[in-house]
Amino acid sequence: VQLQASGGGLVQTGGSLRLSCVASGRIIRISTKAWFRQAPGNQRELVARIFRGGDTNYTDSVKGRFTISKDNAKNTVYLQMNSLKPEDTAVYYCKADVATEWGKGYYDYWGQGTLVTVSS
């Protein structure tokens, strides 16, 4: 299973970006999908996640600005980021809980990360 993240870049304060993460490979079922981020010198933190049924939750600092969504048919998760701030600058990683065999459990898979830089 591979997760390919894309959509990062350089944007000014107040701007928007949309991240995408496509899962490929032997996939029976995907449960929770999530976006994490890691700024230099900081630990990786959960930004947003979307559960199989569609429920979502967000870290407080992005509520009202970021929206996580998914397209199950495309095995893709998105992160729409609006009103970006310099403190949103980080490498963003996608994660998915994937079942690769019937009757087995779910395992975590991570994307390679995409850099988001917000200039002041």
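Two remarks on method come first. Residues are numbered from 1 along each chain as its sequence is written, and side-chain values use heavy atoms, with hydrogens and water left out. Because the model is predicted, local features need pLDDT of at least 70 and side-chain atom pairs count only at pLDDT 80 or more, while totals for chains, interfaces and linings use all residues.

I begin with strand β11, residues 114–119. Strands here are DSSP runs of E, at least two residues long, numbered from the N terminus. The side chains of β11 alternate along the strand. Thr-114, Val-116 and Val-118 point to one face and are buried, where buried means under 20% relative accessible area, exposed means over 50%, and partly exposed lies in between, with a 1.4 Å probe and protein chains only.

What are the pairing partners of β11? Two strands pair if DSSP finds at least two bridges between them. Strand β2, residues 9–12, pairs with β11 in the parallel sense over four bridges, and Gln-12 stands opposite Ser-119. Strand β9, residues 90–99, runs antiparallel to β11 and is joined to it by three bridges. In that pairing, Val-91 stands opposite Leu-115.

A cavity is a set of points, on a 1 Å grid over the protein atoms alone, where a 1.4 Å probe fits but cannot get out; its lining residues have an atom within 4 Å of a point. The grid points are joined across faces, edges and corners, and the volume is the space filled by probe spheres set on them. For the largest cavity that volume is about 40 Å³. Its lining includes Leu-3, Ile-30, Lys-33, Asn-75 and Cys-94. At least two lining residues come from each of β3 (17–24), β4 (29–38) and β9. By class, the lining has eight nonpolar, one polar and two charged residues. In this count Ala, Val, Leu, Ile, Met, Phe, Trp, Tyr, Cys and Pro are nonpolar, Asp, Glu, Lys and Arg are charged, and the others, Gly among them, are polar.

Next, the charged pairs. How many salt bridges does a search of the whole structure find? It finds six, each being a side-chain nitrogen of Lys or Arg within 4 Å of a carboxyl oxygen of Asp or Glu. In one of them, Asp-88 meets Arg-37, with the closest N and O atoms 3.0 Å apart. Asp-88 lies in the loop between β8 (76–81) and β9, and Arg-37 in strand β4, so this pair ties together parts that are 51 residues apart in sequence. Asp-88 is buried at 1% relative accessible area, and Arg-37 is buried at 5%.

Asp-88 also forms a salt bridge with Arg-65, at 2.8 Å from N to O. This pair links distant parts of the chain, as Arg-65 is in the loop between β6 (56–58) and β7 (66–71), 23 residues from Asp-88. Arg-65 is buried too. Together, Arg-37, Glu-45, Arg-65 and Asp-88 are linked in a network of salt bridges.

A further salt bridge joins Lys-63 and Asp-60, at 2.9 Å from N to O. Here Lys-63 is partly exposed, at 49% relative accessible area, and Asp-60 is exposed, at 62%.

Most residues other than glycine have a negative phi. Asn-75, however, has a positive phi of about 50°. Asn-75 lies in the loop between β7 and β8 and is partly exposed, at 25% relative accessible area. Ser-83 likewise has a positive phi of about 50°. Ser-83 is placed in the loop between β8 and β9 and is partly exposed, at 40%.

Note on methods: 1 Å grid on protein atoms, 1.4 Å probe; cavity = no way out; pocket = protein on both sides within 12 Å on 5 of 7 lines; lining within 4 Å.
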